[in-house]
Amino acid sequence: MPQDDHPYRSVLYMPGSRPRALEKARSLPADALILDLEDAVAPAEKPRARELVAEAVAAGGYGRRKLLVRVNGLDTAWGEADLAAACAAGPDAILLPKVETPADVTRAADLLARHGAPEGCTIWAMMETPRAMLNAGAVAGAHPRLEGFVMGTNDLVKELGAAHTPDRLPLVASLGLCLLAARAEGLVCVDGVFNAFQDQEGLRAACVQGREMGFDGKTLIHPDQLAVTNEVFAPSPEDVALAREQVAAFEAAEARGEGVAVVNGRIVENLHVVTAKRLLARAAVIAELEAAQ
Ligand code: COA
Ligand code: MG
């Protein structure tokens, strides 16, 4: 379950082996950071990266940015030591790669307890294999400590034998299954990365698609991707103005004893007001976070 209403518009990966990136992240406008020990770190660098990440987390200085440590798989030579070191340092969450079954989550939850992770430290799951897609509903409900899904779209494309296409049609079924599972259990759900990190227009299109599908935000690989992502996943000024109008119109209708209002030629019912109020609350949280950064 989510711990609070923190936004996850922009979730930036960085190799745990790069001190410069770990340092720079303290001042970047990211809602959350993934300090990676898995695929972004070469085998020879794994022990050093584990130390660097633990030091960075323990040292702090990341402000309101949520800190997720992506450990190596628990069946690898590094996984459990990564998890133990991360638990001791106390990040906001442990991100597990290649989660496929509810047992993968409960096993990690047992290890978190055994290694004395702080109470608020949650578990996030990388959803990136065909079996994970088919088990998404059960995985989402596996343990109360599970807070969110991160789509691993590069691994998924590889495992499916699919192609990277601009419309991401080959991934729509997988993305949709994970969103359904996450929403059914009240989890956060963050979209996969956009590989061409200097292509701002391509990134914008992918962000808009992800937002329209219902994702909370997107994982990123480079600081140059932050501005567009934060903008697209935040309610726009027009969205906020419309939401305010809908709430006001509905309240006025209610005062007249009516259950339905009309704004801009469109019907506004109670359920639209729920959505509008949620959007206004999200805009307020984001404004407050940005003011604090
Ligand atoms: N997080 C934090 N800072 C980052 C960063 C990241 N992901 N990527 C780059 N930076 C920093 C660099 O340290 C550099 O800072 P400086 O100029 O203040 O020293 C600045 O941003 C510009 O970086 P740039 O030179 O454009 O990029 P690069 O060539 O050093 O690195 C990548 C490019 C793709 C190798 C790098 O962005 C990266 O490693 N991304 C993350 C990859 C990853 O974690 N993958 C795993 C999940 S898919
Ligand atoms: Mg992966």
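1. Gln209 sits in helix 9 (residues 200-213); helices here are DSSP runs of H or I with at least four residues, strands are runs of E with at least two, and both are numbered from the N terminus. With a relative accessibility of 19%, Gln209 counts as buried. Buried means under 20% relative accessible area, exposed means over 50%, and partly exposed is in between, with a 1.4 Å probe and protein chains only. Setting aside residues up to four places away in sequence, Gln209 touches Asp167 and Arg168, where contact means heavy atoms within 4.5 Å.

2. On conventions: this is a predicted model, in which local features need pLDDT of at least 70 and side-chain atom pairs count only at pLDDT 80 or more, while totals for chains, interfaces and linings use all residues. Residues are numbered from 1 along each chain as its sequence is written, chains are lettered from A and ligands numbered from 1 in the order in which they are written, and side-chain values use heavy atoms, with hydrogens and water left out.

3. Asp191 lies in strand 7 (residues 188-191) and is buried, its relative accessible area being 0%. The side chains of Asp191 and Arg168 are joined by a polar contact of 2.7 Å. A polar contact is a pair of N or O atoms within 3.5 Å; within protein, one must be able to donate a hydrogen and the other to accept it, and residues adjacent in sequence count only if both atoms are side-chain atoms. Beyond four places in sequence, the contacts of Asp191 include Met151, Leu175, Ala206, Phe215 and Lys218.

4. Which residues coordinate the magnesium ion (ligand 2)? Glu128 (OE) and Asp155 (OD) do, at 2.0 to 2.2 Å. Glu128 is in the loop between strand 5 (122-127) and helix 5 (130-134) and Asp155 is in helix 7 (residues 153-160), so the pair ties together parts that are 27 residues apart in sequence. Glu128 is buried at 2% relative accessibility, and Asp155 is buried with a relative accessible area of 14%. Donors are N, O and S atoms within 2.8 Å of the metal (3.2 Å for Na, K and Ca); water is not among the atoms, so sites may look incomplete.

5. Helix 7 has Thr153, Asp155, Leu156 and Val157 as its buried residues. These buried residues pack against helix 5, strand 6 (146-151) and helix 8 (172-185).

6. Ligand 1 has 16 residues around it, of which Tyr13, Arg18, Arg20, Ile221 and His222 come nearest; a residue is near a molecule if one of its heavy atoms lies within 4 Å of it. An oxygen atom of ligand 1 lies 2.5 Å from a polar side-chain atom of Arg20. For His222, a side-chain N or O atom is 2.7 Å from an oxygen atom of the ligand. For Lys24, the corresponding distance to an oxygen atom of ligand 1 is 3.0 Å.

7. Asp224 is in the loop between strand 8 (217-220) and helix 10 (226-233). Its relative accessible area is 37%, and Asp224 is therefore partly exposed. Not counting residues up to four places away in sequence, Asp224 touches Phe197, Gln198 and Gln200. Asp224 and Glu38 are 186 residues apart in sequence, and their C-alpha atoms are 22 Å apart in space.

8. The domain assignment gives domain 1 (10-232) and domain 2 (237-292), with bounds that come from an automatic or database assignment. Their C-alpha centres are 32 Å apart.

9. Helix 11 (residues 237-255) has 19 residues and reaches 27 Å from its first C-alpha to its last, close to the 27 Å expected at 1.5 Å a residue; the expected span is 1.5 Å times one less than the number of residues. Among its buried residues are Val240, Ala243, Val247 and Phe250. The cover over the buried residues of helix 11 includes strand 9 (261-263), strand 10 (266-268) and helix 12 (270-292). Gly257 follows helix 11 and has a positive phi, near 85°.

10. Two residues other than glycine deserve a check of phi. Most residues other than glycine have a negative phi. Lys98, in the loop between strand 4 (93-96) and helix 4 (102-114), has a positive phi near 45° and is partly exposed at 35% relative accessibility. Asn264, in the loop between strand 9 and strand 10, has a positive phi near 55° and is exposed at 59%.
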